[in-house]
Amino acid sequence: MNLDFSNDQKFLQEEARKFLEKENSINRNRGVLDSGHNTDTELWNKIVDLGWTGIRIPEEYGGLGLTHLELCVIAEELGRFLAPVPFSSSVYLFTEAIIKYASEDIKQDILPKLISGEVIGTLAVTEEFCAPTAANIKTEVSNNLISGKKIAVPDAGIATHSIIVTKSDAGISLQLINHSLDEVVVTHQENIDESRGHFSITLDKAPCTLVGDASNGWDLFESLMDQAAVLFSFEQLGGSQASLDMAVGYAKERYAFGRPIGSFQAIKHKLADMYIALTLAKSNCYYAAWALTSDSSDLPTAAATARVSSTKAYQFCSKENIQTHGGNGFTWEYDCHMFYRRSKLLSVNIGSLGKWKEKLVSSLEQSNKN
Amino acid sequence: MDFNDSPEQAEFRKTCRKWLEGNAELNSGASREDSFGSSKHLEAAKQWQKKKYAAGWAMLHWPKSYGGIEASPIERIIWSEEESKFNVPRGIYEIGLGMCGPVMMQYASEDQKSRFLPPMAEGKEIWCQLFSEPSAGSDVAGLRSKAVQDGDKWIVNGQKVWTSGAQFCDYGILVVRHDANLDKHKGMTFFFVDMKSPGIEVKPIKQITGGSSFNEVYFNDVVIPDSQRLGEIGDGWKVAITTLMNERLAVGDASGADVEDAFRWAKNQDDSGEPLINNKAARDSIADWYCEANGLKNTKLRTMSALSKGETPGPEASITKVVSANKLQNIGNFGIDSLDMAGMLKSEDPDIKNFQGSWLGAPGLRIAGGTDEILRNIIAERVLGLPQDQRADKGVAFKDIPTGNS
C-alpha cells in the first residue's frame, strides 16, 4: 500500500517550491496583471531551462522521460505560486497531445523544440459563448487547409503553435498549425484573469497537419481531457492550499473585538471547511495520479472525481480567503483576488464544474454497464 | 504508487483471511443485523469475541500477556479490513476495547491489568464509558457528578447520560468532580467502577430511531475503592483527554446508505416517467457524494500508506466523521424524497429501510463522539493552529462558573 509520491518526487516538488518562492512567482503574477503582458517570459524561460517542459518527453527526443507523477508535483507548485506562464496549455495539453497522437515526423520536429522553448503550444476548441461539443465545432478543414475562428484560447499570444479541433466530412480531427503563417491571426481578447491571456485565432485557409485520426478526433480530445484533468487538478490543489494558508495566516494576525479573528468559531469553521474540501480533493488527486500513471481503466472516473473535488476546493478556498480578509481581501493590493481569478481560469479551462460532474456520473454508468 | 501489500503484509492478510473463512460467513449483501443490544445480538457478539480471543485476534496489538499478538498498526488495519468482509456481530465492544482498554493499559496497576484486560478482550466482561452529563455534553469538563473521599474509598453521587451499552455492561470508566473549589479542569478525578455496585441505576433512553442503544446512569452513594482510581487525584481531565483521543479514532465512517446505494436506486426509481438517474439534480448530488465517499476512501489509503512505511500519519483522517455523517444524512434524505409522498411509509424494501434508517440515525452520528461543530473547532485549533476561543470558564473556581441556572 503506497498512495504517496516517492522520495525523489517529493524532492523534485521541494526544489520546484524553492525555485518559485525565490523567483517571487506570486509577485510576478501581479506584475503581469499590472503590465498587461499576459505572461512572464523571463520566468517561463527559467522554467524551460530547468527542463520542466520536457519532463514527460521521451529521452529519445531529448526529454527527461519521466512519468505523469513528476508533472503532478510540479503542477501543484505552479498552482501554489500562481506562476503566470503557459505551462498548462503548452505542457498538459499541447505536448501531451503530440506525445499521444502525433506522427513520428511531427514528434521528431516538435518535441525537441518544446524542450528548448523554441515551440510553445496551446489547444483551441471553443468557438461560441457556450461549451464546445462535437456538434457545435464549425472550424472546417479541407485539403489540409483550415478555415474558421476559435475564441478564448489561453496563452495563444505567446504560443508558436496550436492544436485546433476541427471538423470535416470525415468527422472531428485535431490539426497542428503554426502561428507564424499569414493565414493565422491571433488577437487578444480581454478576460478576467489577464495573468494568463486569452486570444481568438482566426484561420483563413491556413495550412495544417493532421494529428491522430482524421475522423475520431473528438474521442482523442476527450481522452486528452481526462489526463489533463488530473494535472489541472494538482494545479488547483496548490492554489487551494495557498488560499487556505493565506486565510489561516491572516486569521491569526488580524485582531477584532480585542482578539485574533481566528479565535472566533465563525472563522474557525469556515477555515475547517476549507481544510476538509482541500483534503478530499488531495486524496482524490493522489488516486487519479495513480490511475493516470498505471493506465488504469478507472482513469475517466478517477480523473473526473479529482477534477470535481479540486474545482470545488479551489473555488471555495479562494472565495472564502477573500471573505476572511474582509475589506482588504477586496482590494487590488492584497493577493486574494489573484487566487480567486486563477481558480476561475483553471476551473473553466478544459470544461467547467457541471460538465465534469456530468462526465463523472456518465463514467459511473459506463463502468456499471461493462 | 501502488496498492499492493508488502510480502509480509500479504502473508499476514492471508493468515487473517484463512482464519476468518474457517470461522465466519462472508457478507452476503443481505444484512441479518439483530437489533442492537438484544439478548440474541449480545449472545452472538460474545461468542464471536470469545472465538477471536482464543485465536489472538481480539486485541491483536496488545501484549501477549493480555491476549494479543503484538501486531503493528498496519496489521491491525489489515485485520479489520478482512473482518469487515464477513458477516459478524458488531457494535458491542467498540467502546470498551477502543476507549476503556487503552486507559486501563496506561493507568491501571499491574495486578488490575492482569485481572481486567484479558476478560475485556475475551468479551466476558463488557465495558462502558461514563463521561457526558445532562449539563456536560460538548463541554465534557463541565461535569458535576461528585466524588467525596472517605478513607480508602470514594462516595459518588450524580448522573451520567448517553452511556452506550450501560444496560449490559459489567464495568465502566468514570470521570467525576472531587473539588468544585478548584479550576474547572483541575477538580476532576478518574475511576473505573463495577456497574453492579449498589446505588447504580441504569435507565435506557428511547432515541429518534425508536431503539435504545444508550442510557441515563444514576449514582446514589455509590462506593468506589480508592484502588480503582486511574491517575492522580485531580488528573481526571488529563486521563479523560487520552480516552477522547482514542474515541476520535474509534468513531469513523458512518455505516448506512452510501453513494453506491443512491446510484443503484436512482437507476431504477421512477421520476415522472423517467429513471431518476436522468434527473440533472440527482446526477449533481450523486457526483458530489461520489467525490466525498472516494475522498474519504483515498484519505484512508493515504493514512495506511504512512503506517505501512512506519511513518506517523498526517492529520487528514480528522475530516472523516464530519464528512461521512453529513453525507449519510443527505443520501437518506435523497432516497426518501425520491419516493415523494410514499417516502413516509415504512416498507420491507431493504433500500427504503436503509434510506429511512440512515436519515433517522444520521443526526445521532453528527453529534456522537464530538459534534460537527466541536470537530471543526478541533481541525481549526489542532490542525490549522488557530487560537482557542475566549472562554468564560478559565481561571475560575468551578462553583463560580456561570451555568444559566442560577
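Reader: How many residues of chain B are in contact with chain A, and what makes them count as in contact?

Author: In this predicted model, 37 residues of chain B are in contact with 36 residues of chain A. Two residues are in contact if their C-beta atoms, placed from the backbone, lie within 7 Å, so residues that meet this cut-off count.

Reader: Which elements of chain B give two or more residues to the side that touches chain A?

Author: They are helix H8 (280–308), helix H9 (320–337) and helix H11 (372–383) of chain B. The largest share, 16 residues, comes from H8(B). By class, this side of chain B has 18 nonpolar, nine polar and ten charged residues.

Reader: What makes strand S5 of chain B largely enclosed by the rest of the structure?

Author: A residue is buried if 20 or more other C-beta atoms lie within 10 Å of its own. Six of the seven residues of S5(B), residues 188–194, are buried, so the strand is largely enclosed.

Reader: Why is strand S4 of chain B called mostly covered?

Author: The same cut-off for a buried residue applies, namely 20 or more other C-beta atoms within 10 Å. In S4(B), seven of the seven residues are buried. From this strand, B:Tyr171, B:Ile173, B:Val175 and B:Arg177 point one way, while B:Gly172, B:Leu174 and B:Val176 point the other way, and all are buried.

Reader: How do you know that S4(B) and S5(B) pair?

Author: Two strands pair if DSSP finds at least two bridges between them. S4(B), residues 171–177, and S5(B) have seven bridges, so they pair, and they do so in the antiparallel sense. Within this pairing, B:Gly172 stands opposite B:Val193, and B:Ile173 stands opposite B:Phe192.

Reader: What makes S5(B) and strand S8 of chain B a pair as well?

Author: Two bridges join S5(B) to S8(B), residues 229–230, which meets the requirement of at least two, so they pair. These strands run antiparallel, and B:Phe191 stands opposite B:Arg229 in S8(B).

Reader: In which sense does strand S1 of chain B pair with S4(B)?

Author: S1(B), residues 127–130, pairs with S4(B) in the parallel sense over four bridges. The bridge partner of B:Trp127 in S4(B) is B:Tyr171.

Reader: Into which domains is chain A divided?

Author: Chain A is divided into domain 1 (7–116), domain 2 (121–215) and domain 3 (218–369). The C-alpha centres of domain 2 and domain 3 of chain A lie 28 Å apart. Their contact takes twelve residues from domain 2 and eleven residues from domain 3 of chain A.

Terms used:
Residues are numbered from 1 along each chain as its sequence is written. Chains are lettered from A and ligands numbered from 1 in the order in which they are written. This is a predicted model: local features need pLDDT of at least 70, side-chain atom pairs count only at pLDDT 80 or more; totals for chains, interfaces and linings use all residues. Ala, Val, Leu, Ile, Met, Phe, Trp, Tyr, Cys and Pro count as nonpolar, Asp, Glu, Lys and Arg as charged, and the others, Gly among them, as polar. Domain bounds come from an automatic or database domain assignment. A residue is buried if 20 or more other C-beta atoms lie within 10 Å of its own, exposed if 12 or fewer, and partly exposed in between; C-beta atoms are placed from the backbone.
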